[in-house]
Amino acid sequence: MDQARKETYNNLFARMVDAMTDMDNFDREEFVGILHEICEFFDLSKGVTEFYNSLSAERAGNGEILIDHDDGRGEGKIAVFHRIITPSKTVIKSTLYKAADSESLTDEEYRRLDLMLKAMLSFISRNRLQSAVERLAFYDEADYPNLNYFSRHLEMLNEKGKLYGNTAIQFNLQHFSLINQEIGRDAGDIVLKNYFSLIKSFIGDKGLICRIGSDNFAAVFSNELLDSILKTMAGFPVIYDEVNEKRVIISTYVGIYTIPDGYVFERPDDIISRINTAAQDAKYNFDGTVVYYTERTHIEKEKMMRVRRFFGDALENNEFKAFYQPKVDITTGKIVGAEALCRWVIGDKNVPPVDFVPVLEKSSDICRLDFYMLDAVCKDIRRWLDEGRHIVRISVNLSRKHLLDADLTDHLLTIIDDNRVPHKYIEFELTETLSDAEFSVLKRIANELQNKGIYIAVDDFGVGYSSLNLIREIPWDVLKLDRCLIPTEDDYGITTLIFRHVVAMAQAMGLECIAEGVETERQLEILKENDCRIAQGFYFDKPLPLNEFEAKLGNYTYEIPEFLKDL
């Protein structure tokens with residue numbers, strides 16, 4: 001190689017190094033241009049770079065192939081070849097070709113080209129590694145942007161002073177597990193991708209969206225987009241099979257935090273915590289499916305944290321008490337049963353269930369409380385028996401969370417039998433279920449308990465999406481009609497008609513029928529007209545502490561209207 005070519009080579013090499021090391025001002029087009037000059041300098045006909053994410057991907061030929069240079073003369077012979085395995089086990093290969101009729105490289109040309117190629121591959125592998133680390137840090141295994149990606153964007157908005165004017169949301173797809181069961185997991189994944197793309201298209205360049213796990217997502221975007229996005233999230237058809245034009249309606253639970261003017265940003269978790277709290281409220285605690293984070297939400301969150309923090313100690317200190325609400329025969333005024341309801345008593349303060357049960361329902365803590373309450377009820381019944389008192393059947397509520405317990409029946413029977421309580425005095429109230437899997441478990445548990453002589457009641461019938469299959473397939477003893485089915489003073493129409501036929505159906509099936517939430521004489525009259533003999537509600541009594549209930553257990557008779565006595 002003569003002096004002039006050496007100087008040209010040295011100049012090319014220096015320019016390439018400068019381009020690779022000036023990362024703040026890296027110009028990709030300039031770098032590619034230098035590579036073409038190098039190929040022309042060494043009379044190379046073609047340059048090919050291959051990228052593989054793993055060794056197995058390389059073996060399968062599943063990678064990315066880039067043609068760095070091609071002057072049309074083809075792959076006559078290999079001039080230089082290199083293969084690099086990066087620390088992250090990605091594979092990078094580069095092959096430089098000379099045309100078949102061209103002169104081979106001299107030894108010196110080979111060494112110099114080999115040095116250039118090694119330097120270039122080192123640069124490429126470092127950048128590929130950086131790209132892989134970026135991908136691992138900011139994208140999940142399904143290639144969705146993740147929570148780190150979301151957090152980084154919030155920090156960037158804060159640095160630019162542009163947080164105000166944006167809304168952050170967290171949303172969860174409603175009943176997505178049921179959708180997966182219905183259309184299959186693969187189709188469910190397509191629904192997720194398509195719905196993600198739909199919301200992303202609404203947001204455009206005015207924000208971003210990420211996935212924070214399963215079917216839970218977070219987004220931040222300009223305030224002006226909120227109304228249109230919420231309309232879409234209320235229910236929108238998403239295609240999962242384009243060939244057969246199959247689609248499913250997707251709706252969501254949404255937690256919203258509109259970032260106020262003057263908001264002091266300390267860390268992304270502050271905003272993430274707010275939208276997460278609102279989203280959880282939307283899913284579990286509120287009638288609607290959209291919840292805005294407010295200072296009240298913050299107070300509710302603090303209350304929830306206190307419940308969780310003190311729950312274990314409260315159990316140990318026996319602060320949870322069984323209150324008993326009588327079930328009354330409306331023709332005699334006699335107590336024929338009672339429902340045990342939990343109250344948290346701290347000193348002289350009575351904490352209502354609405355303040356702690358929804359919190360405990362979010363975890364298995366509710367199961368611990370149910371077992372505790374059953375034990376307390378059994379101890380009361382055992383004492384009443386030992387004292388020779390008149391005994392009525394006591395019903396105890398069981399959360400749907402118990403359906404995850406494969407040994408639930410054994411656990412319940414152990415508590416009852418350890419207290420030596422005859423099974424006929426215990427009734428379990430169970431609510432309807434939404435999934436086929438839960439329904440199957442509920443049916444099994446009901447059969448097992450009934451076979452042991454324990455009564456089973458379907459609670460709150462009519463409040464959800466009750467189906468006739470619920471009472472056809474499961475061997476209930478008792479049907480408890482929710483207050484929403486009991487006609488009020490101003491309701492003499494469809495509700496009365498539904499009530500009449502549900503009671504008639506229950507009686508025809510041999511079920512004991514109890515009306516909950518009875519508060520007025522007019523409601524008692526409707527019960528009389530439809531031969532529903534047992535009522536529970538404030539007309540007779542609120543849930544009573546143990547001593548007050550015991551005082552009425554036995555000979556006590558509630559005063560009833562004259563028109564009921566000839567029922």
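Analyst: Happy to. On a 1 Å grid over the protein atoms alone, a cavity is a set of points where a 1.4 Å probe fits but cannot get out, and its lining residues have an atom within 4 Å of a point. Bear in mind that this is a predicted model: local features need pLDDT of at least 70, side-chain atom pairs count only at pLDDT 80 or more, and totals for chains, interfaces and linings use all residues. Residues are numbered from 1 along each chain as its sequence is written, and side-chain values use heavy atoms, with hydrogens and water left out.

User: Good. How many cavities of 30 Å³ or more does a search of the whole structure find?

Analyst: One. The volume of the largest cavity is about 130 Å³, where a volume is the space filled by probe spheres set on the points, and grid points are joined across faces, edges and corners.

User: Which residues lie nearest the centre of the largest cavity?

Analyst: Leu35, Cys39, Leu96, Leu117 and Met120, out of 13 lining residues.

User: And which elements each supply at least two residues of that lining?

Analyst: Helix 2 (28–41), strand 4 (91–98) and helix 4 do. Helix 4 gives the most, with four residues. Helices here are DSSP runs of H or I with at least four residues, strands are runs of E with at least two, and both are numbered from the N terminus.

User: What's the lining like by class?

Analyst: Ten nonpolar, two polar and one charged. Ala, Val, Leu, Ile, Met, Phe, Trp, Tyr, Cys and Pro count as nonpolar, Asp, Glu, Lys and Arg as charged, and the others, Gly among them, as polar.

User: On to the rings. How many aromatic pairs are there?

Analyst: The structure holds 22. Rings of Phe, Tyr and Trp (its six-membered ring) pair if their centres lie within 6.5 Å; planes under 30 degrees apart are stacked, over 60 edge-to-face, and the rest tilted. Tyrosine 139 and tyrosine 149 make a tilted pair, with 5.7 Å between centres and 55 degrees between planes. Tyrosine 139 is in the loop between helix 4 (107–138) and helix 5 (147–159) and tyrosine 149 is in helix 5, so the pair ties together parts ten residues apart in sequence.

User: Why does the pair of phenylalanine 320 and tryptophan 344 count as tilted?

Analyst: Because their planes are at 35 degrees, with the centres 4.9 Å apart. Phenylalanine 320 lies in strand 12 (residues 320–329) and tryptophan 344 in strand 13 (residues 335–346), so this pair joins parts that are 24 residues apart in sequence.

User: Are those two buried or exposed?

Analyst: Phenylalanine 320 is buried at 2% relative accessibility, and tryptophan 344 is buried at 6%.

User: Where does the charged end of lysine 193 sit?

Analyst: Over the ring of tyrosine 144, 4.1 Å from its centre. That term asks for NZ of Lys or CZ of Arg within 6 Å of the ring centre and within 35 degrees of the ring normal. Tyr144 is also linked by ring pairs with Phe171, Tyr195, Phe196 and Phe217 into a cluster.

Definitions and conventions. Buried means under 20% relative accessible area, exposed over 50%, partly exposed in between (1.4 Å probe, protein chains only). On a 1 Å grid over the protein atoms alone, a cavity is a set of points where a 1.4 Å probe fits but cannot get out, and a pocket is an open set with protein on both sides within 12 Å along at least five of seven lines; lining residues have an atom within 4 Å of a point.
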